[in-house]
Amino acid sequence: MREILLKIKRVKKSFHQKSELIEVLKGINLDVYAGDRIVITGASGVGKSTLLHILGTLEKPTAGQVFYKGNDLFCLSAKSLAQFRNQKIGFIFQFHYLLLEFNALENVMLPALIAGWTKKKAALKAEELLDEVGLKDKLHYQIGELSGGEQQRVTIARALILEPEIVLADEPTGSLDEKTAEKVKELLFSLQKRKGMTLIVATHNLKLASSFPLWYELSHGQLHLKKGE
Ligand SMILES: Nc1ncnc2c1ncn2[C@@H]1O[C@H](COP(=O)(O)OP(=O)(O)OP(=O)(O)O)[C@@H](O)[C@H]1O
Ligand SMILES: [Mg+2]
């Protein structure tokens, strides 16, 4: 039997907007098994990013729980939570948060250096990943010298360098052309296969979504299974 990695239980999230309290997530339940490839689609503003932020422990739910291997994440101390986030999760988000004063290679190496890898090992792995996302010739470009799509690919390489157990990706192919988007998807899927990594992706791209074994649509604050077991 496969192990339940993340258990999302009756998760709600509300936001104050002007004088109103808007409930975006209305009691989400989801079991994520190790090695799952899950895609979440839904109209703009339905709460896909909000849900990914909660899964990545970047935001707290208003109610409900998220368990990682049976442990309630939001009961952890801030320090343990940060440790969980850094060690277990790779983030590929809409806003890149790349360091502008560093080049592509250095940006990808950074998480590995922080984790204590040698410079040589980090550089080798970063080069390999940048090659896989099609940026072999731009290793030493400053971030500002790269296009939006190229920056997005640097983010993807950076998210993968520590081979995280869980990858959360918010529109990972949003600013990519169809061919590059396909390559990025292949890369994510091959890593999932080789490393058993768990992949949770939010996207508007229905073609991308249709290639995932598990597809949920988020609407009216709930997840609806569109495809899968
Ligand atoms: N920090 C916040 N404060 C107030 N409202 C917020 C906040 N974050 C998100 N929201 C609201 O929650 C709703 C869901 O936002 P979210 O970004 O999760 O949508 P989304 O499904 O990712 O949309 P998109 O497809 O456009 O990226 C929106 O109505 C948004 O305005
Ligand atoms: Mg979003």
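1. How many of the 8 residues of helix α1 (residues 48–55) are buried? The model is a predicted one, and in it the count is 6 of the 8. Helix α1 is therefore largely enclosed by the rest of the structure. Buried here means under 20% relative accessible area.

2. The buried positions of α1 can be named. They are K48, T50, L51, L52, I54 and L55.

3. Look next at what follows the helix. T57 comes after α1, and its phi is positive, near 60°.

4. Now the ligand site. Ligand 1 is surrounded by 13 residues. The closest are S44, K48, S49, T50 and H204. K48 and T50 also belong to the buried set of α1.

5. Which element supplies the largest share of the shell around ligand 1? Helix α1 does, with 3 residues. Strand β1 (4–17) and α1 each contribute at least two residues to this shell. By class, the shell holds 8 polar, 4 nonpolar and 1 charged residues.

6. An oxygen atom of ligand 1 lies 2.7 Å from an N or O atom in the side chain of H204. For the side chain of Q17, the distance from a ligand 1 oxygen to an N or O atom is 2.9 Å. Taken alone, ligand 1 exposes 630 Å², and the protein buries 64% of that.

7. Strand β1 has two pairings to follow. With strand β2 (residues 20–33), β1 pairs in the antiparallel sense over 11 bridges.

8. Where does the β1–β2 hairpin have a positive phi? It is at K18, in the turn, with a value of about 55°. The hairpin has 2 residues between its strands.

9. The other pairing is with strand β4 (residues 63–68). β1 and β4 run antiparallel and are joined by 5 bridges. Here I8 has V66 in β4 as its bridge partner.

10. To sum up, β1 links the two topics of this note. β1 pairs with β2 and with β4, and β1 also supplies at least two residues of the shell around ligand 1. Helix α1 provides the largest share of that shell and is itself largely enclosed by the rest of the structure.

Key: Residues numbered from 1 in each chain as written. Chains lettered and ligands numbered in written order. Predicted model: local features only at pLDDT ≥ 70, side-chain atom pairs only at ≥ 80, totals over all residues. Heavy atoms only, no water. Buried < 20%, exposed > 50% of the residue type's maximum accessible area, 1.4 Å probe, protein only. Helix = DSSP H or I, 4+ residues; strand = E, 2+ residues; numbered from the N terminus. Near = heavy atom within 4 Å. Polar contact = N/O pair within 3.5 Å; in protein donor to acceptor, adjacent residues only side chain to side chain. Areas by Shrake-Rupley, 256 points an atom, 1.4 Å probe, with all protein chains shown as cover. Nonpolar A, V, L, I, M, F, W, Y, C, P; charged D, E, K, R; others polar. Pairing = 2+ DSSP bridges.
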